[in-house]
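Colleague: Let us go through this model together. I will ask, you answer briefly.

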Amino acid sequence: NNAGISGEEKMVVDMSLEGWRKTLQSNLLSNYELIQLALPFMKKQKSGSVTNISSAFGGMHFALSLIHI
């Protein structure tokens, strides 16, 4: 389970709300939604696991890339 975009590379004051929402959807909410879809199957078979991973960029900091989760 890995998804992510860097989003708008702007200062927060210049970022659009739509750009912020798009980044959160890709980087955070999509993981939640995928788990929600998988859980019924995992419960039915009484087995399963979800592994969430991130890219190497998740531990790095870049100017104007404030929302890399």
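Colleague: Which residue just after α1 takes a positive phi?

Modeller: First, the ground rules: this is a predicted model, where local features need pLDDT of at least 70, side-chain atom pairs count only at pLDDT 80 or more, and totals for chains, interfaces and linings use all residues. Residues are numbered from 1 along each chain as its sequence is written, and side-chain values use heavy atoms, leaving out hydrogens and water. The residue sits in the segment after α1 and is not a glycine. With phi of about 55 degrees, it is lysine 46.

Colleague: Is lysine 46 buried or exposed?

Modeller: Buried means under 20% relative accessible area, exposed over 50%, and partly exposed in between (1.4 Å probe, protein chains only). At 75% relative accessibility, lysine 46 is therefore exposed.

Colleague: How many helices and strands are there in the protein?

Modeller: Both are DSSP runs, numbered from the N terminus: helices are H or I with at least four residues, strands E with at least two. The count is one helix and zero strands.

Colleague: What span does α1 reach from its first C-alpha to its last?

Modeller: Helix α1 covers residues 17-45, which is 29 residues.

Colleague: Where does α1 bend?

Modeller: The bend is the angle between axes fitted to the seven residues ending at a residue and the seven starting there. For α1 the angle is about 50 degrees, at leucine 29.

Colleague: Which backbone oxygen does the side chain of asparagine 31 reach?

Modeller: Asparagine 31 lies in α1 and is buried, with a relative accessible area of 16%. Asn27 is also among the buried residues of α1. At 3.2 Å, the side chain of asparagine 31 reaches the backbone oxygen of asparagine 27.

Terms used. Expected span 1.5 Å × (residues − 1). Polar contact = N/O pair within 3.5 Å; in protein donor to acceptor, adjacent residues only side chain to side chain.
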